[in-house]
Amino acid sequence: MASDFCESCSRLLRDLAECLRRVWGDFEYKLKWSFREIAQCTCFGNAPERRTAQDLSSLQRMYDDEIPVFNQRRLPPLCRLAASQNADLQMTVAIYYLHISHHLNSPLPDAFIEPIMALLLSPDPDVQKTTSFALVSLLVNDNVCKESVIEMGMLVPLLELFQSGDPSAQCHSCACVAMLASSESNRDAILVDGIIPLLALAKSYDPAEQQNAAWALLYLTQSDWSTRLLCQAGVIPVLVLLLQSSSSEVQFYSCTALCNIAAAQEHRPKLLRIGGHYLSKSLLTLLSSSVQKNSAQACRCLQILSKNVWVQEQLMELNCVSRLKALLRSLNASWIESALTLLCTLSAQPANCDILVSEGVLREIGQLLHHPRSNSALISQSCQIITDLCSACMDEQAVMESLCLSGLLRVLLSPSLSDETLIHVTLCLHHLMTWDGLRAKLSGSVTPEQVWKLVELSGQTRSSQLSYSSAAVIHMFGLTGDSLHLLRPHYGAVSKYLLLFLRRKDVKFQQLGIATMVKLRNDGDFLTAVTNAELEAELCNVHAQTEETRQLLRRIQPPSPASGSPSP
């Protein structure tokens with residue numbers, strides 16, 4: 001399988017290949033019998049019929065090969081039968097190609113691809129359908145060169161099959177075009193002749209035709225140049241309409257194509273010009289889809305579009321918050337992450353924060369933090385949303401009524417969190433503790449295990465940022481009463497990280513270390529427990545450096561305003 005297919009397309013193509021193998025089994029016995037009977041028939045008495053009999057006999061020998069063998073002696077019979085005016089003879093060649101498409105383990109020589117062109121041009125629809133079926137399988141298994149297929153002119157008959165009226169033929173030809181479009185060098189040729197037929201097929205009322213057209217359009221949106229041409233041809237309204245398709249696969253392909261288009265800034269104005277909030281409404285509907293991949297893609301598309309403030313206003317008007325809250329309550333991590341991703345974008349805009357808080361987003365986030373299956377990604381996004389909402393609306397009561405504080409303390413003890421996620425958690429805790437009421441509540445509810453975790457993180461050396469943010473949370477505790485009681489058993493570990501802070505060149509670490517020592521020195525137990533001469537010596541060293549800096553600063557006398565300009 002080519003590496004440029006996504007997981008969904010790879011699965012579909014594997015299913016298609018398996019279907020082809022099952023279908024072929026029904027042909028095998030009858031095909032051998034037919035070849036033998038035709039070759040032995042007396043109607044092949046004169047010269048042309050004898051040549052046809054010889055060609056069929058040669059084709060039968062080729063068919064009997066366990067491993068397909070291709071040499072120049074076998075090519076002329078194939079070409080003659082493929083170019084025959086007899087549809088039955090052409091069908092035997094088409095079935096032969098269908099056969100080898102399931103048994104070929106190496107690329108088909110270019111010379112043996114040429115008869116396929118004659119079969120695609122056959123006036124018989126069944127021959128065309130069988131041939132395009134075989135070509136799909138050959139392309140799926142990388143047995144033919146995509147560039148060679150285009151160079152031999154097969155694109156035109158494949159595109160003509162779009163309008164054949166036969167759903168199977170349209171399905172096969174559209175699958176061929178989609179795979180040919182996966183090659184960058186082929187897209188120009190496909191775009192020149194294929195855009196209008198593809199768009200016409202996408203407007204079909206047949207879900208199978210829509211699916212194949214949407215699949216081909218999706219591949220074409222993976223190139224900037226082809227995306228530009230598609231947008232000029234009017235692909236955006238077509239894709240938006242396909243979001244309403246009854247087929248979940250069509251919804252997925254069209255939504256993914258819209259995501260690819262939205263990723264380029266130059267195309268967003270065209271997307272935003274879809275009237276009546278229609279695009280936003282359609283994506284919000286898809287956001288609540290029971291199909292996980294569709295919901296995730298809709299959220300991704302909304303996130304890209306919501307970089308525009310006007311789109312955010314649309315979403316808030318359309319009550320997107322209730323849909324996002326419903327996703328947060330689901331048990332599906334993918335849906336939850338999609339909802340949080342969009343909420344992160346919305347909460348970053350201060351104008352949205354009052355509505356988000358009043359709609360109870362903090363309550364949902366608090367409950368999510370208590371969920372046992374919350375992972376690093378969900379927790380990091382939750383911390384960002386909490387920080388953004390609390391920075392913008394200053395609603396201390398909403399945080400008090402939610403489970404955010406206890407949830408943040410709870411996830412501190414999770415053994416699977418990365419350092420990066422722990423940084424988000426400790427920074428969020430520190431931000432909340434700048435409010436007196438929240439600081440008092442947190443100081444009174446923290447457990448011994450959580451206090452030890454903060455001390456442990458403060459002393460680790462993997463991440464200086466995590467060390468600083470954890471120590472900053474400890475410093476924000478009142479360090480009186482219950483919180484001081486919980487910290488006393490760890491004074492030895494505390495003195496070690498304070499020593500590390502004092503030795504750092506970064507002034508903010510030194511300042512945090514000194515500020516924490518000032519608070520702890522009020523506790524006699526700290527002075528008794530900490531007999532670390534190194535700590536005292538380092539504190540004196542910092543003091544000496546500070547005094548030296550002060551003396552140097554005094555030597556710099558800034559010029560007075562009166563002496564600022566030279567005398568004439």
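Colleague: At what angle do helix 4 and helix 6 pack?
Modeller: In this predicted model, helix 4 (residues 87-103) and helix 6 (residues 125-140) pack at about 15 degrees, with axes 8 Å apart. That makes the two helices roughly parallel, a label for angles under 35 degrees. Axes are lines fitted to C-alpha atoms over the stretch in contact, and angles run from 0 to 180 degrees between N-to-C directions. Helices are DSSP runs (H or I, at least four residues), numbered from the N terminus.

Colleague: Which residues of helix 4 and helix 6 meet?
Modeller: Among them are Met 91, Ile 95 and Leu 98 in helix 4, and Val 127, Phe 133 and Leu 138 in helix 6. Contact means heavy atoms within 4.5 Å.

Colleague: What about helix 25 and helix 26, how far apart are their axes?
Modeller: The axes are 10 Å apart, and helix 25 (residues 404-412) packs on helix 26 (residues 419-432) at about 145 degrees. Leu 405 and Leu 409 of helix 25 take part in the contact, as do Val 425 and Leu 429 of helix 26, among others.

Colleague: New topic: is Ala 298 buried or exposed?
Modeller: Ala 298 counts as buried because its relative accessibility is 0%, and buried means under 20% relative accessible area (1.4 Å probe, protein chains only). Ala 298 lies in helix 17 (residues 292-305).

Colleague: Which residues does Ala 298 contact, leaving aside neighbours within four places in sequence?
Modeller: Cys 255, Leu 283, Leu 286 and Leu 287.

Colleague: And what do the numbers rest on?
Modeller: Residues are numbered from 1 along each chain as its sequence is written. Local features need pLDDT of at least 70, side-chain atom pairs count only at pLDDT 80 or more, totals for chains, interfaces and linings use all residues, and side-chain values use heavy atoms, without hydrogens and water.

Definitions and conventions
Angles under 35 degrees count as roughly parallel, over 145 as roughly antiparallel, 65 to 115 as roughly perpendicular and the rest as oblique. Buried means under 20% relative accessible area, exposed over 50%, partly exposed in between (1.4 Å probe, protein chains only).
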